[in-house]
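Subject: Structure handover

Hello,

Here is the structure for you to look over. My notes follow below it.

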Amino acid sequence: MKISRYRNIKNKALYIGVIILSGLTAVPLIAILVKVILKGWRQINFDFFTQTTPTTLDAIYAINAGEIIPGGIANGIIGMLLMVLMACVIAIPIGIICGIYLAENTKSHLASIVRFLTDLLQGIPSIVVGIIIYIWVVIPMKSYSAIAGGVALSIIMLPLIVRSTEETLKMLPTTLKEAGLSLGASYSSVVFRVILPSAFGGIFTGILLAVSRVIGETAPLMLTALGSSAVQWDVTKPASSVSLLIWEFYNDPNLQNMIWSASLFLLMFILILNIFAKRISNKWRI
Amino acid sequence: MSDKLFKIILSSSAVIILLISGGMVYSLTSGSIPAFKEFGFFNFIFSPEWNATPGNEEYGALTFIVGTIMTSLLALLFCIPFSLPVAIFIGEYFKGKRIASVLGTIVDLLAGIPSIVYGLWGFYVLRPLIVSLGLSEQGFGVLTASLVLAIMIIPYAASLSSEFIRLVPGELKEGAYSLGATRAEVIQSIIFPLAGPGIFSAYMLALGRAFGETMAVTMLIGNANIIPTSLTDTGNTMASIIANQFGEAGGLKLSSLIAIGLLLFIITAIINYIGKLIIKRRNQ
């Protein structure tokens, strides 16, 4: 059948248009990466990981002397790791157990409500989570703290872990569970010895992705952890994080280079977590 | 461990989710009651006043609601011409090919960049660009914020829409081809009608994201408590006013900010619910 000229042109135009516009989507990614790497790589040295943020004055002296800014973001890195660790301790056990519950009870009324609520929790803007943890933790403790920040991050992680665990468990063949039960194993030992080990890859990937999602969070930490200019190991005191440092100093022209380095560090951290997650999910594919 | 105990532990984790969600709604509501009592619920929503002078305090959410809706809808508008082609690219033209997974990875990487880094990039790269184009003097404003916001929501819109485009049954497309349709016609009259509701829900979820996005918007919108009347006007969104003023707030102001948080919570919940509902309908 002959295709009329107009239809032919329209067909080709759509094809070419889709390719061009799709290609353009890569432009912002490349622009951001290039900018962050070019501006940030020079500051990343040993001190960057071991020293705390310099004052503006120190930075001015260094810039005038033509040197790189002294100091680093150790206070941010330590605070970030502490808060993410606390978030993991809270969110991983509850998330996995709740994921098992949802996967095992597909039809119960409570499960469908919980599934709905998990979706709801997942959609809550992170700044609103910050407000809630401010009310729940900061006000009773009468102080901003790393604990509050950790709890806020755990609330963001929780629904992600619940859903990824549930999805992974649902992909497991039911015969696996039936085989365990038919051998006389109790329900709990089937879950712990058969189901969880076979679903390990998917669950672990879900956890890594959840961590990479919260590691750059800033808004909830502003209202809960506040920030700190020193390395703070006491979790009941205000703490800093890499993202909070960027927020604190992005406006300061003297510390600009340090902030770009902090962004580079954050991006690399997230990239490594994602690569790691992808490798694990490929290796442990069900 | 006995099975009975194990089942109780499983259910109690579900109860924890119930408690967290219930507690959230309770805390937000009880925190915003002083503001609603002082100004009245509807008055609070529709008042454009934001005056923190002691003794003369008056707070309303309208400025920020308008700012939020303006930036989010504009971001959605900017994001469609890029996210839709990406979805067609991945879901139809190069379905299952290596190049599609490369583009998919690029989109995933875009989703992985934290909001604060987008904000930093917008502040030091996009803002000077807007200034040099002569669009505004300082470069802050609704336009700058929604451009960055658009880049941020492309991944959410694109990856979900491409899923729905990919799920369109091959027989239907083949039927159209056998009748002599071109590929463009298949996309227009087979794929879009069938994947339409799914694509719509993908954009709803992207819109929900845009509503709650805080850091990048706060760094770029200019933080002026006025209703923006043009694209280059500065303004504030619901998220950005909370981010900017929560730290030093107390009393009535704190309650008003919590009330804005409650409104933001309700709006995003409704948008997400509509999106999820459509997806669920499609799956059944």
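Two residues count as in contact when their C-beta atoms, placed from the backbone, lie within 7 Å. Keep in mind that this is a predicted model.

**Chain B against chain A**

On that contact criterion, 64 residues of chain B touch 65 residues of chain A. Helix H1 of chain B, residues 3–39, supplies the largest share of the chain B side, with 16 residues. By class, the chain B side holds 46 nonpolar, 15 polar and three charged residues.

**Domains of chain A**

Chain A splits into domain 1 (1–41) and domain 2 (75–283). Their C-alpha centres are 35 Å apart. Contact between them involves five residues of domain 1 and six residues of domain 2. The domain 1 side comprises three nonpolar residues, one polar and one charged.

**A helix pair in chain B**

Two packed helices are described by the angle between their axes and the distance between the axes. Take helix H8 (residues 183–212) and helix H11 (residues 251–283) of chain B: their axes come within 8 Å and cross at roughly 160°. Angles over 145 degrees count as roughly antiparallel, so H8(B) and H11(B) are roughly antiparallel. The crossing of H8(B) and H11(B) is left-handed.

Which residues of H8(B) and H11(B) meet? On the H8(B) side they include B:Pro197, B:Gly198, B:Phe200, B:Met204 and B:Phe211. On the H11(B) side, B:Leu264, B:Ile267, B:Ile271, B:Asn272 and B:Arg282 are among them. The contact of H8(B) with H11(B) has 12 nonpolar, seven polar and one charged residues.

**Two backbone exceptions**

Most residues other than glycine have a negative phi. Two residues here are worth a look on that account.

- A:Leu226 is not a glycine, yet has a positive phi of about 70°. A:Leu226 sits in the loop between helix H10 (219–224) and helix H11 (242–249) of chain A. Is A:Leu226 buried or exposed? A residue is buried if 20 or more other C-beta atoms lie within 10 Å of its own. A:Leu226 has 21, so A:Leu226 is buried.
- B:Asn223 is not a glycine either, and has a positive phi of about 50°. B:Asn223 lies in the loop between helix H9 (215–220) and helix H10 (238–245) of chain B. B:Asn223 counts as partly exposed because it has 18 C-beta neighbours inside 10 Å.

Best wishes

How values were computed. Residues are numbered from 1 along each chain as its sequence is written. Chains are lettered from A and ligands numbered from 1 in the order in which they are written. This is a predicted model: local features need pLDDT of at least 70, side-chain atom pairs count only at pLDDT 80 or more; totals for chains, interfaces and linings use all residues. Helices (H or I, at least four residues) and strands (E, at least two) are DSSP runs, numbered from the N terminus. Ala, Val, Leu, Ile, Met, Phe, Trp, Tyr, Cys and Pro count as nonpolar, Asp, Glu, Lys and Arg as charged, and the others, Gly among them, as polar. A residue is buried if 20 or more other C-beta atoms lie within 10 Å of its own, exposed if 12 or fewer, and partly exposed in between; C-beta atoms are placed from the backbone. Axes are lines fitted to C-alpha atoms, for helices over the stretch in contact, and angles run from 0 to 180 degrees between N-to-C directions. Angles under 35 degrees count as roughly parallel, over 145 as roughly antiparallel, 65 to 115 as roughly perpendicular and the rest as oblique. A crossing is left-handed if the near helix is turned anticlockwise from the far one by less than a right angle, and right-handed if clockwise. Domain bounds come from an automatic or database domain assignment.
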